[in-house]
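Welcome! Let's take a friendly walk through a protein model, from its inside to a few details of its backbone.

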Amino acid sequence: MTRNAPVDDPGDARLRVGPPKEYAAGLPAVTSSLRHAGEQMGARRGLLTLLRVNQKEGFDCPGCAWPEPEHRHAAEFCENGAKAVAEEATVRRVTPDFFAEHTLEDLLPASDYWLGQQGRLTHPMYRPAGEDRYRPISWDEAFAVIARELAALDHPGQAAFYTSGRASNEAAFLYQLFVRMLGTNNLPDCSNMCHESSGSALTETIGIGKGSVTLEDLHDADLILVVGQNPGTNHPRMLSSLETAKRRGARIIAVNPLPEAGLLRFKNPQRPSGVLGGGTRLADRFLQIRLGGDQALFQAFNRMLLEAEDEAPGTVLDTPFIDRYTHGFQEFAEHARKASWDEILTATGLPEEEIRAAFEEVRGAEKIVVCWAMGLTQHRHSVPTIRDVVNFLLLRGNIGRPGAGLCPVRGHSNVQGDRTMGIYEKPDDAFLDALGAEFAFTPPRRHGHDAVESIRAMRDGDVRVFVALGGNFVAAAPDTDLTERALRNCRLTVQISTKLNRSHVIAGEQALILPCLGRTEADLRPAGPQQVTVEDSMGMVHLSRGRLAPASGQLLSEPAIVSRMARAALGEAGSHVPWEEFERDYDSIRDRIARVIPGFQDFNHRVRRPGGFALPHPPRDERRFTTATGLANFTANPLERPHVPPGRLLLQTLRSHDQYNTTVYGLDDRYRGIHQGRRVLFVHPDDLADRGLADGDLVDIVSEYDDGVERRAPAFRVVPYPTPRDCCAAYFPETNVLVPLDSTAAISNTPTSKSIVVRLEPVPAGPPAGT
């Protein structure tokens, strides 16, 4: 059945395409930041709020997890950070009147952008079974609904508890405590869909699933490889760090399927030369690699390093480091020397001379940092790829050395902290032992469901209650149609949110929306104004203090919501836990964290130091590797790459510049030349010509997978773009429908959103897409 979108949802009716930009930031970033702030918050309120972002006495940006420098600018935010703050601190409101005017049927065709633009949620809302409309509910009644439905389950494993990376450490710790006291480890989180491959590979090879560098290491590197990452859009403050490294003499190699403006040239808005001048050229070399070819590139580097050592013994590899700190070198080296140049060139799509020229940069550098993001983590062979990145750095002792190391660039602002706090479906025994001892209960030992497994369980009726602490699960998950059916199959879905999104519209038989405070807002409790903490992508923990008046007097903080939910659901079984005290004073939560989680000793005192404190990282701090062998592990990994049948393309999903994760701030992607629309498909001009397509033609994108299910994303405008041959790109969440649920990375189970085999079917001429 075709439904009409809300009349003020523009869709893609005004889509236009221009040339891509050749630089990032500069004056356009400043004007865009101020425009978004003014539209959402008002000019004066917006400016005052932005000046508190990422300051030592301010609040942590609700966007990305890039760390703050020791010496901070007055404006310590980027364009995307300004948009994230503006979205949260908006003066627009979604009151009960909104839900009185709109049924779920009315809202179903609305875009995520339109839903988000309606404003902040103000009251808890309930959709009873058999009704198509949310209605107001008191907080006590809402928690009673949750308690009733959890009590009606056959066993606790029929509930799943999702977490977004925006949850604070305090909320995440209480959440996992509640879930485990309930009796399950079903704690899927956004890491499952993004950086799980990094954690899997790093835990196996170096003993900890986190990167090994600090911000100062990045600044002091001789060579930085930025691989499978677009910092200009996804982590714009990283560009300032790369600029600092360049000014200190670093060389930068960008490895990516698309040329990204931020790695070509950066106009730093903090410098007059960045606003008015030509800015800084960041990437000294750009390797335009085929999708999924990164493992082959690092295997080429590893083979050449071994061959260079053979030619000049004792001058290339760090043999003392290898002998003292690593395991498995001989087996690795024997395998690496057999890497086939024919396979490497096919997989990477790069000329051999380009790879060898890049290798000379590698050979000439003593201190190397490798940065990566989802371009490496969302393929079938992502874990072996990251293992080969580790091999590459181990060969020259570039882990545990200042100015060198591993830098997986995490996405959301506290996604790493949530995992540190225990948001994990496969907890280790040491953590469970400490948690159980502290709170006098026996935590469940059976591993729970990750995100993909939770969708399967909801689809099959094995999970009947789904609770989300933040996020937009429907938009973040793969296989959109299946995910929506799975959520609708639940008896109850609960969304703890600041703003309206798609996951509120795709509801279970019963559904609750529980509105919470945002990072920007003052959290006033009986013990006084409260502060929460976050962990950035490099393991620094610091305070976040909101100052704005809450969007509604009905809002509760995330720790308060979790505490009250636990009291209602656990009843007498949880009465020995001081949930009321946790809600009243977050210092009491941090005292418990300090006793359970290593590295958080004297938490309340240390986090109040300006800038917070660094968590211990044994490989970085001591060159100590807590792996099964007690050493850093070299691994021998068969070379893998995606295979594309003739006439097909390999699709990667990506973000636009007006987007962070699933939150769409606007309909422009300024750096790629896209304006007022999102349903575009970037394709190499020769691949378009081979299919008889021209710029502006409409196509349906159809993914091909061996389960026989047709997955179709209709009516995308093709845009000629400098992608590698046989590769293409389009925005998520619009193309998540094409990602099969069962197409996941080996070991990590992360959806393969960067390597989807698709065919293009022309759409007959008719009305423009979105009308």
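## The nonpolar cores

The largest nonpolar core has 63 residues, and among them Phe-161, Phe-173, Leu-512, Leu-514 and Trp-579 touch the most other members. Helix α8 (residues 169–182) gives this core its largest share, with 10 residues. Keep in mind as you look around that this is a predicted model.

What does Leu-514 touch, once its neighbours within four places in sequence are left aside? Its contacts include Pro-124, Trp-139, Ala-142, Phe-143 and Ile-146, and also Val-494, Ile-496 and Ile-561. Gln-495 and Ser-497 are in contact with Leu-514 as well. There is also a second, separate core of 56 residues, and Val-255, Phe-298, Val-362 and Ala-632 are included in it.

## Aromatic rings in pairs

How many aromatic pairs does a search of the whole structure find? The search gives 24. One of these pairs is Phe-98 with Trp-114: the ring centres are 6.4 Å apart and the planes are at 35°, so the pair is tilted. Phe-98 belongs to helix α4 (residues 96–101) and Trp-114 to helix α6 (residues 112–116), so this pair ties together parts that are 16 residues apart in sequence. Both Phe-98 and Trp-114 are buried.

Tyr-162 and Phe-473 make another aromatic pair, this time edge-to-face, with 4.9 Å from centre to centre and 70° between the planes. Here the pair links distant parts of the chain, since Tyr-162 is in strand β7 (residues 159–163) and Phe-473 is in helix α25 (residues 473–476), 311 residues apart.

## Charges over rings

Now look for places where an arginine meets a ring. The charged end of Arg-606 sits over the ring of Phe-613, at 4.0 Å from the ring centre. Arg-655 lies over the face of Tyr-660, and here the distance to the ring centre is 4.7 Å.

A disulfide is a covalent bond between the sulfur atoms of two cysteines. How many disulfides does the structure hold? The number is 0. For Cys-190, the nearest cysteine sulfur is that of Cys-194, 6.1 Å away, and Cys-190 is in no disulfide. Cys-190 is buried, with a relative accessible area of 14%.

Cys-490 is buried, with a relative accessible area of 0%.

## Details of the backbone

A cis peptide bond joins Phe-732 and Pro-733, with omega at about 10°. Pro-733 is in the loop between β32 (727–731) and β33 (756–762).

Arg-623 is not a glycine, yet its phi is positive, near 50°. You can find Arg-623 in the loop between α32 (618–622) and β24 (632–633). Asn-661, also not a glycine, has a positive phi of about 50°. Its place is the loop between β26 (659–660) and β27 (663–664), and Asn-661 counts as buried because its relative accessibility is 16%.

Note on methods
Residues are numbered from 1 along each chain as its sequence is written. This is a predicted model: local features need pLDDT of at least 70, side-chain atom pairs count only at pLDDT 80 or more; totals for chains, interfaces and linings use all residues. Side-chain values use heavy atoms; hydrogens and water are left out. Helices (H or I, at least four residues) and strands (E, at least two) are DSSP runs, numbered from the N terminus. Buried means under 20% relative accessible area, exposed over 50%, partly exposed in between (1.4 Å probe, protein chains only). Rings of Phe, Tyr and Trp (its six-membered ring) pair if their centres lie within 6.5 Å; planes under 30 degrees apart count as stacked, over 60 as edge-to-face and the rest as tilted. A charge sits over a ring if NZ of Lys or CZ of Arg is within 6 Å of the ring centre and within 35 degrees of the ring normal. A disulfide is a pair of cysteine sulfur atoms within 2.5 Å. A nonpolar core is a set of buried Ala, Val, Leu, Ile, Met, Phe, Trp, Tyr and Cys residues joined through side-chain atoms within 4.5 Å. Contact means heavy atoms within 4.5 Å.
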